[in-house]
Amino acid sequence: MKKALLIMTLSTLAAGCADNSIPRADLPELDTSNPLLAEWKTPHATPPFDRIEPADYEPAFDAAIACSRAEIEAIVKNPKKPTFGNTIVALERQGELLNRISGVFFNLLSADTSEEMQQIAMRVQPRLTELSNDISLDPELFARVKAVYEHPGRGLSAEDRRLLEKTYKSFARNGAALSDADKELYRQYTTELSALSLEFDRNSLAATNAFTLNITDPATVSELPEFVREGMAAEARSRGEKGWTVTLQYPSYLPFMTYSSNRALKEKLWRANGSCALGGEFDNTEIVKRIANRRLRLANLLGYECYADYVLEERMAKNTPTVRAFLGELLDETKRYADADYRTIAGYAASQGFEGTLMPWDWAYYSEKYKREKYALDAETVKPYFELERVKKGVFLLAEKLYGLHFTPNPAVAVYHPDVTAYDVTDAEGRFMAVLYLDFFPRASKNSGAWMTEFRGTKCVDGKETRPLVSLVMNFTKPTEKSPSLLTFDEVETFLHEFGHSLHGMLGEGSYESLTGTNVSRDFVELPSQIMENWATQKEFLDLWAGHYETGEKIPAQIVERIVAAQNYLAAYANVRQLSFGLTDMAWHTLTEPFEGDVEAFEREAMAPAQVLPAVEGTAMSPAFGHIFAGGYASGYYGYKWAEVLEADAFSLFEEKGIFSPEVAASFRDNILSKGGTEDPMELYVRFRGHKPETKALIEKMQLGK
């Protein structure tokens, strides 16, 4: 999941119960001709995307920053004794306008960007960082927070106490207790990091878009499945090119790598992907080093040996040794099976006449051929049953059966791009729960990958509830002139995964937005998403909606059986590959000395314990590893595997009681989805499952060696 950039925990928009002691700020007058500053008289107060222009953002940010400063000043200058209401809740509520604008701008910066938007971000981000630092480093403000923390008074709810604890820790972890000289260093480091992350993202997107492979010889593409040729032809036409074009966007890149036997072209494409932003015009290698080194300095400044120690203190895992042990245990349990997977595919390739060493650019082609032969399963067999509209219907149906949710298209809700659709989400009693935006297809203005984010979260102000505006952004296979969008099985899983994040947001309950929805520990946030993937192989679920897009025939039982049989095909390899990413992340963020060496060599050493395919000189993923250098997963990529352990154990309860069990679904909703960050994640998990998770649940699910 990739979330929009926010100012910081203290400036997230939220509210609690009524408290007349909360100071009123003398706010500056706003230019309401700017749609970002005017009242949104739209359905559910949704953003008026049809009226917002790029030129509106910068003046709106300036006005909103001024409002936040006035709100903070009112808290600091309040002559009354600090209380939970006039200090902690007031801090939680401040920044409403700024958060509204940030929610729109930074979401679109990833989903529908432009050069103008990127330039605005480069100018605005330092101002936002400056405001964030001015809040967290204000000694008078911290004194008030500390006074309430030490003497909270009576009558606070568990949710209130959680907010108080989070607020105090946020100040402490953001430099409030530093000396004046160190506070200036903190400002310097955080400002630099904000700018560097934006520059990293910009270079990565530009490098991805810069490479294309245009093919004009019909013989080169004749072996490809029709859907691959059609997609390549459509890409070529959109670029004014003849023939067929492949890009580094995964819906284009992966099918070509999977079905083409042209080894030379695949090597060229793979090397381009593997060296994205590694050198050249959009080089990120120096930015990677600068980010890692600034994070180290920041951690040292706050009293930590390395950046991972700083980050993990607030995670479910709690500390660096736990994460290292977790990754090490999974690697020890699965590496030999991953090596066996490689030998299996290499041996199969040799039996097909392949000579030499099986390289990374050969992997997708021969592993797919082997899967088709062993399991009689390929994308062409499966895709006709996964037409996008049917998949969407199935996903919505699952949410209805588990949680009683209903999805109604609302054309009155403005959207930010013609590809986007908006839905009103209601529960079984007709209660409005959320607006859900769906954005399915790749375009040059959109980052690669898939993510859920929010334009607005859940809160309750003076008894009035505000429900979230949730967005799912994906990069699925586009429809062609001859066929609708037909999804691969992986894309179906991706849809379910991101939809799980959206359920976490849509079903959140609580007074304070910073504690609701997906505002949880990074290594807990993937549980609601990854557990949803399990339904993709449940025949009982698939039978409700999965039918051939031309004939309407239900997906045959034998195909589902083959999908299930193939589910753990190369599971060890896929597991170890993910572990290699986690090891790389931890290597960068457990540095204890500044790094000035070679990025490629550093990464190769970090990945070495998990290396299965041959390493290739001149490639590295770090320069395009947006999750950890621009996306908020620094020292947290292990969380995907951590969450796999959680979901494997959690879904076994659904398997035991029934995959649509109202009892289990209600418990999962009450203890996981609705609670957000209002309680400790381990306590929530144990309350749902009855015991702490163990890695053996995932090992058993992979059925290694069977």
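Where does Asn410 lie? In this predicted model, Asn410 sits in the loop that runs between strand β3 (406-409) and strand β4 (421-426).

In soluble globular proteins, nonpolar side chains tend to be buried together. Here the largest nonpolar core has 144 residues, and those that touch the most other members are Phe386, Phe407, Leu436, Phe495, Phe499, Trp535 and Trp588. Helix α14 (residues 320-351) supplies the largest share of this core, with 10 residues. Beyond its neighbours within four places in sequence, Trp535 is in contact with residues including Leu398, Phe541 and Phe660. A second, separate core of 61 residues includes Ile75, Val413, Val420 and Leu469.

Side chains of opposite charge can pair when their charged atoms come close. The structure holds 43 salt bridges, one of which joins Asp134 to Arg69, with the closest N and O atoms 2.8 Å apart. Because Asp134 lies in helix α4 (residues 115-136) and Arg69 in helix α1 (residues 54-76), this pair ties together parts that are 65 residues apart in sequence.

Asp439 and Lys446 also form a salt bridge, at 3.0 Å between the closest N and O atoms; Asp439 is buried at 0% relative accessibility, and Lys446 is buried with a relative accessible area of 0%. Both belong to a network of salt bridges that links Asp112, Asp419, Asp439, Arg443 and Lys446.

Key. Residues are numbered from 1 along each chain as its sequence is written. This is a predicted model: local features need pLDDT of at least 70, side-chain atom pairs count only at pLDDT 80 or more; totals for chains, interfaces and linings use all residues. Side-chain values use heavy atoms; hydrogens and water are left out. A nonpolar core is a set of buried Ala, Val, Leu, Ile, Met, Phe, Trp, Tyr and Cys residues joined through side-chain atoms within 4.5 Å. Buried means under 20% relative accessible area, exposed over 50%, partly exposed in between (1.4 Å probe, protein chains only). Helices (H or I, at least four residues) and strands (E, at least two) are DSSP runs, numbered from the N terminus. Contact means heavy atoms within 4.5 Å. A salt bridge is a side-chain nitrogen of Lys or Arg within 4 Å of a carboxyl oxygen of Asp or Glu.
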